[in-house]
Amino acid sequence: MDIGVPLRDLGTVEVAGLLDRIATLTEQDWTGNNFRRDVLASGVHSATDNILMKTEWHPSASATGLGHFEDLVWVWARQRGVDHAPFMPIGREDTDLWPVYTMPDWLEFRDVLQPVIDQAIAPLYRPGGVVTRLALVRLKGGGSIAPHVDGQPMAARAHRIHISLSSTPSVEYKIDGRKFTMLKGHAYDFNNRVRHSVKNKGRANRINLFVDYYPDPGLVLRNPLNVSHPVHVPPAPLLN
């Protein structure tokens with residue numbers, strides 16, 4: 001969302017419980033599911049590792065010709081020779097723009113994430129608002145995200161909130177031509193509708209939680225799926 005300034009500090013957030021959980025993560029936890037990086041994110045985000053909990057998606061966002069998000073997951077898993085079932089969405093919310101899908105990793109993190117989310121969105125909260133994207137994102141030391149503007153339709157309506165979870169003063173954010181750093185434990189309303197980039201000039205990993213919050217999603221239809229046994233009929237074609 002274009003918030004009129006490059007970056008707005010929303011204040012401190014209590015993240016101790018989340019940090020304790022992150023400290024237990026293995027390399028496999030970070031790299032075992034790169035669905036967001038492989039399929040959903042633009043090429044500039046190829047340097048990041050992600051643990052994806054929520055995402056919005058619409059067939060118009062994909063050049064595959066697939067009409068269902070579940071088909072997109074199935075094709076991605078099939079191409080990598082893995083079982084699709086553990087990666088299938090476990091919930092869906094229909095907004096006035098795009099559907100929002102909840103992913104299985106949410107179940108592993110919700111106890112420590114929900115309090116963090118509630119604090120971060122408090123300055124922007126409106127009844128009926130929806131979190132449209134939610135992910136832990138790691139940018140390794142020496143990594144960079146090239147200058148870009150987030151162009152998907154939801155980016156014009158949802159606040160992109162970054163919550164800094166690592167003390168990495170060597171990480172430089174450049175937003176609309178200005179340079180910024182982020183303080184550990186602070187939430188920031190980030191203007192992703194202007195040109196921005198990230199450089200991790202140090203050796204330590206930068207870890208952020210990003211939360212996209214759509215405060216005015218219209219009538220939201222919440223359609224919980226069977227989280228124990230997601231059912232999916234595979235599509236016919238595979239991606240080339």
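Rings of Phe, Tyr and Trp (for Trp, the six-membered ring) are taken to pair if their centres lie within 6.5 Å; planes under 30 degrees apart count as stacked, over 60 as edge-to-face and the rest as tilted. In the structure examined here, a predicted model in which local features need pLDDT of at least 70 and side-chain atom pairs count only at pLDDT 80 or more, totals for chains, interfaces and linings use all residues. Residues are numbered from 1 along each chain as its sequence is written, and side-chain values use heavy atoms, with hydrogens and water left out.

Six aromatic pairs are present in the structure. One of them joins Phe35 and Phe69 in an edge-to-face arrangement, with 5.7 Å from centre to centre and 85° between the planes. This pair links distant parts of the chain, since Phe35 lies in helix α3 (residues 35-40) and Phe69 in helix α4 (residues 69-79), 34 residues apart. Helices (H or I, at least four residues) and strands (E, at least two) are DSSP runs, numbered from the N terminus. Both Phe35 and Phe69 are buried, where buried means under 20% relative accessible area, exposed means over 50%, and partly exposed lies in between (1.4 Å probe, protein chains only). The pair formed by Trp57 and Phe69 is tilted, because the ring centres are 5.8 Å apart and the planes stand at 55°. Trp57 is located in the loop between β2 (48-56) and α4, and Phe69 in helix α4, so this pair ties together parts that are twelve residues apart in sequence. The relative accessible area of Trp57 is 4%, and Trp57 is therefore buried; Phe69 counts as buried at 0% relative accessibility. One aromatic cluster is formed by Phe35, Trp57, Phe69, Trp76, Phe87 and Tyr101.

A further ring takes part in a contact with a charged side chain. Arg160 lies over the face of Phe210, at 4.3 Å from the ring centre. A charge is taken to sit over a ring if NZ of Lys or CZ of Arg is within 6 Å of the ring centre and within 35 degrees of the ring normal.

Salt bridges were identified next. A salt bridge is a side-chain nitrogen of Lys or Arg within 4 Å of a carboxyl oxygen of Asp or Glu, and by this rule the count comes to 16. In the salt bridge between Glu27 and Lys140, the closest N and O atoms are 3.6 Å apart. Glu27 belongs to helix α2 (residues 27-31) and Lys140 to the loop between β5 (130-139) and β6 (144-148), so the pair ties together parts that are 113 residues apart in sequence. Glu27 is partly exposed at 41% relative accessibility, and Lys140 is partly exposed with a relative accessible area of 37%.

A second salt bridge connects Arg37 with Asp49, with the closest N and O atoms 3.3 Å apart. Since Arg37 lies in helix α3 and Asp49 in strand β2, this pair ties together parts that are twelve residues apart in sequence. Arg37 is partly exposed, at a relative accessible area of 26%, whereas Asp49 is buried at 6% relative accessibility. Glu27, Arg37, Asp49, Arg138 and Lys140 are linked in a network of salt bridges.

Thr48 is placed in strand β2 and is buried at 1% relative accessibility.

Elsewhere, the side chains of Arg157 and Asp96 meet in a salt bridge of 3.5 Å, N to O. The two residues are 61 residues apart, with Arg157 in the loop between β6 and β7 (159-164) and Asp96 in the loop between β3 (91-94) and β4 (99-102). Arg157 is partly exposed at 34%, and Asp96 is partly exposed at 44%.

A straight helix of 17 residues would span 24 Å at 1.5 Å a residue, but α5 spans only 21 Å between its end C-alpha atoms; the expected span is 1.5 Å times one less than the number of residues. A kink of about 65° lies at Asp111, shortly before Pro115, the bend at a residue being the angle between axes fitted to the seven residues ending there and the seven starting there. The buried residues of α5 are Trp106, Phe109, Val112, Leu113, Val116, Ile117, Ala120 and Ile121.
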